[in-house]
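Please open the model in a viewer and keep the selection tool at hand. The stops below proceed from one selection to the next.

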Amino acid sequence: MSLDENELNALIALLEDPDEDVYSQIKGKLLEAGPVVIPFLEKAWERNSFGVQFQNRVEEIVHTIQFDNVYDALKLWTNNVEIGRAHV
């Protein structure tokens, strides 16, 4: 999923919405976009122009993206190690 900066900032602003359905949809789009959204989320978190719920949601999304990224990298590494052993 490719988001331009305006779309991304609009999605991030919607994280403040108290409706859990809205949050779930926005979170899904941000998670789908992956690590490229982290700097935008961190900048919004630092501005602290929203409340505690917004900050908690941003932290949750950033941590999920980072965890998924590390998990995928470890999985890839493990697969490469297993492939290397098969050729030895």
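Select Glu60 first: with a relative accessible area of 34%, Glu60 is partly exposed, a class between buried (under 20% relative accessible area) and exposed (over 50%), computed with a 1.4 Å probe on protein chains only. The model is predicted, so local features need pLDDT of at least 70 and side-chain atom pairs count only at pLDDT 80 or more, while totals for chains, interfaces and linings use all residues. Residues are numbered from 1 along each chain as its sequence is written, and side-chain values use heavy atoms, with hydrogens and water left out.

Glu60 forms a salt bridge with Lys27, and the closest N and O atoms are 2.6 Å apart; a salt bridge here is a side-chain nitrogen of Lys or Arg within 4 Å of a carboxyl oxygen of Asp or Glu. Glu60 lies in helix H4 and Lys27 in helix H2, so the pair ties together parts that are 33 residues apart in sequence. Helices are DSSP runs (H or I, at least four residues), numbered from the N terminus. Not counting residues up to four places away in sequence, Lys27 touches Glu60 and Ile61, where contact means heavy atoms within 4.5 Å.

How many salt bridges does the structure hold? There are two. For the Glu20 and Arg57 pair, select both side chains, which meet in a salt bridge at 3.0 Å, N to O. This pair links distant parts of the chain, Glu20 in helix H2 and Arg57 in helix H4, 37 residues apart. Is Arg57 buried or exposed? Arg57 is buried, with a relative accessible area of 4%. Beyond residues up to four places away in sequence, Arg57 touches Leu15, Glu16, Asp17, Pro18, Glu20 and Tyr23.

Next, select Ile61. Leaving aside neighbours within four places in sequence, Ile61 is in contact with Leu15, Tyr23, Lys27, Leu30, Leu31 and Leu41. Ile61 also belongs to the largest nonpolar core, which has 17 residues; those with the most contacts inside this core are Ile12, Leu15, Leu30, Val37, Leu41 and Ile61. Such a core is a set of buried Ala, Val, Leu, Ile, Met, Phe, Trp, Tyr and Cys residues joined through side-chain atoms within 4.5 Å. At least two residues of this core come from each of H1 (5-13), H2 (20-33), H3 (38-47) and H4. H4 gives the most, with five residues.

Move to H1, whose buried residues are Leu8, Leu11 and Ile12. They cover an arc of only 100 degrees around the axis, which puts them on the same side of H1; the arc is that of the directions from the helix axis to the C-beta atoms. At the start of H1, a side-chain oxygen of Asp4 reaches to within 3.0 Å of the backbone nitrogen of Asn6.

Now select Ile26 in helix H2. Ile26 is buried, with a relative accessible area of 6%. Apart from neighbours within four places in sequence, Ile26 is in contact with Leu11, Leu14 and Leu15.

The last stop is H3, where the buried residues are Ile38, Leu41 and Ala44. Their arc covers only 130 degrees around the axis, which puts them on the same side of H3. Following H3 is Asn48, whose phi is positive, near 50 degrees.

Terms used
A polar contact is a pair of N or O atoms within 3.5 Å; within protein, one must be able to donate a hydrogen and the other to accept it, and residues adjacent in sequence count only if both atoms are side-chain atoms.
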